[in-house]
Amino acid sequence: MLDLRQLSVLDAIARTGSLAAAARDLHYGQPTISHHLRALERHLDSELVVSSATGTALTAAGELMLEHARAVLTRLRVAERDVAELGQSGGPVLRMGTFESAGARLLPQVLAKLGTGRTVQVELVEGEPLGLQEQLLDGSLHCALLYDLDGDTSVTDAALRQRTLEREPFRIMLGADHPLATQEVIDLADLAEADWIRSRSVLEASERALLTAAGAAGFVPNTLLQSEDYSLVHGFVAAGVGVGLIVESAVDTRYRVVARPTVQDLGMRRVRFVATATPEPGRAAALARLEELLIEAAEVNPAASVE
C-alpha cells in the first residue's frame, strides 16, 4: 500500500539531487529516506532512482511516478487548505486568479456586489495566463480571468469550463511627442527601426501578435526592454525611448502616451473567465454568481474600442 511519505521522499530526491540532501530537506535521517524509497520501489516493482558519484537521478519509471506523486501531493495540500478555510470562515472561499488591467477594471465592482467577506470570501492571486491556468488545473485556484490571442485554441481540459467576456484589438503605444503620434493609423513598417518594449515570454499574446505583424511588414523588432510591468513600459514609452503593443483599456492615462491602430492587422486580445467544471457544492453557487456579475460588468464597462 502506498504511503504519502514515500511520495514526499521521491519528490524531495528529485528536487535536491541526492538521498542525503532529501533527508536534510525533509528533516529525516538518511536511513528513513532509503527505507521509504525502497518500499515504494518494491510496491511498484520498478527501480525509481539510480545513484552515481555525481548524485542521484530518476529513472524513466521514477520520472513517471514523480509526475503523479506531485499531482497527489498538490491535491492533498489543496484539500487541507479547503477544509481549514471552511472551518475558519464558515462559508465558501473562492481562490481566483487575475491579471492587472482587466482585473482592476472589472473586479472591484464585481466583488462588491458578490458580498465578499459576508457570504463568500475571495482570495485573489495575480499572475500571467500560463501560470494561472496551471494553478486551475492542479486545483490551487477555483477560477481565473485569463487573456490570450483571439483565435487561439480554447481550453479543452474537461476539468475546466470557460466564458469569453470581451475581445479588444491590439494597438501601438507611442509617446505623445513621437513623430508618428499625430497619425490616426500607422504603417507598422514605419517602426521597423524603432526600439520595442516586449514581453519576456514568446507565448504571451502581445508578443505573438507583434512578431506576426512585424514579420508581415518585413522586419524583426529591435528589443530595448523585456518586461511585464505596465508602469515600467508606460514610463519608457512616455519618455520616447521605445514603443510597444497594448490594448486601449490598459492604457494608463497618467502617462503622456497614445494608442494607435495600424494598417496591418495586429489581432485581438480575448479575456475569458475560466473555472473548474465540477466545483464542490458549497462553491458552485458562488462561482455561478461570480460569472454572472463578470458578464454584467463586461457589458456595462466594456473594453475600449472593441471591434
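How far apart are the end C-alpha atoms of helix H9 (residues 281–300), and what should its 20 residues span at 1.5 Å a residue? The first legend takes that up. Everything here comes from a predicted model, in which local features need pLDDT of at least 70, side-chain atom pairs count only at pLDDT 80 or more, and totals for chains, interfaces and linings use all residues. Residues are numbered from 1 along each chain as its sequence is written, and side-chain values use heavy atoms, with hydrogens and water left out.

**View 1. Helix H9, end to end.** The end C-alpha atoms of H9 sit 30 Å apart, which agrees with the 28 Å that its 20 residues should span. That expected span is 1.5 Å times one less than the number of residues. Helices here are DSSP runs of H or I with at least four residues, strands are E runs of at least two, and both are numbered from the N terminus. Buried residues of H9 are Arg283, Ala286, Leu287, Leu290, Glu291, Leu293, Leu294, Ile295, Ala297 and Ala298. Buried means under 20% relative accessible area, exposed means over 50%, and partly exposed is in between (1.4 Å probe, protein chains only). As background, an α-helix has 3.6 residues a turn, so residues three or four places apart point the same way. Ala284, also in H9, is partly exposed, because its relative accessible area is 32%. Its C-alpha atom is separated by 9.2 Å from that of Pro92, 192 residues apart along the chain.

**View 2. The nonpolar cores.** A nonpolar core is a set of buried Ala, Val, Leu, Ile, Met, Phe, Trp, Tyr and Cys residues joined through side-chain atoms within 4.5 Å. The largest one has 58 residues, and Met96, Leu191, Trp196, Phe273, Leu290 and Leu294 touch the most other members. H9 gives the most to this core, with eight residues. Apart from it lies another core of 18 residues, including Val9, Ile33, Leu37 and Ala69.

**View 3. H1 packed on H2.** Helix H1 (residues 4–16) and helix H2 (residues 19–26) pack at an angle of about 115 degrees, their axes being 8 Å apart. On the H1 side the contact is made by Ser8, Val9, Ala12, Ile13, Arg15 and Thr16, and on the H2 side by Leu19, Ala21, Ala22, Asp25 and Leu26. Contact means heavy atoms within 4.5 Å. By class, that makes seven nonpolar, two polar and two charged residues. For the classes, Ala, Val, Leu, Ile, Met, Phe, Trp, Tyr, Cys and Pro count as nonpolar, Asp, Glu, Lys and Arg as charged, and the others, Gly among them, as polar. The axes are lines fitted to C-alpha atoms, for helices over the stretch in contact, with angles running from 0 to 180 degrees between N-to-C directions.

**View 4. Two loop residues with positive phi.** Most residues other than glycine have a negative phi. His27, in the loop between H2 and H3, has a positive phi of about 60 degrees although it is not a glycine. Asp45, in the loop between H3 and strand E1 (49–52), has a positive phi of about 55 degrees and is not a glycine either. His27 counts as exposed because its relative accessible area is 73%, and Asp45 is exposed at 70%.

**View 5. Around the end of H3.** Glu41 belongs to helix H3 (residues 30–44). With a relative accessible area of 11%, Glu41 is buried. Leaving out residues up to four places away in sequence, Glu41 touches Ser46, Glu47, Leu48 and Val49. Leu44, also in H3, is partly exposed at 30%. Leu44 and Gln183 are 139 residues apart in sequence and 68 Å apart in space, C-alpha to C-alpha.

View 6. Met268 is in strand E11 (residues 268–276) and is buried, given its relative accessible area of 17%. Met268 and Ile172 are 96 residues apart in sequence but 13 Å apart in space, C-alpha to C-alpha. Asp190 lies in the loop between strand E6 (160–175) and strand E7 (195–198), and is partly exposed at 48%. The C-alpha atoms of Asp190 and Gly127, 63 residues apart along the chain, are separated by 33 Å.
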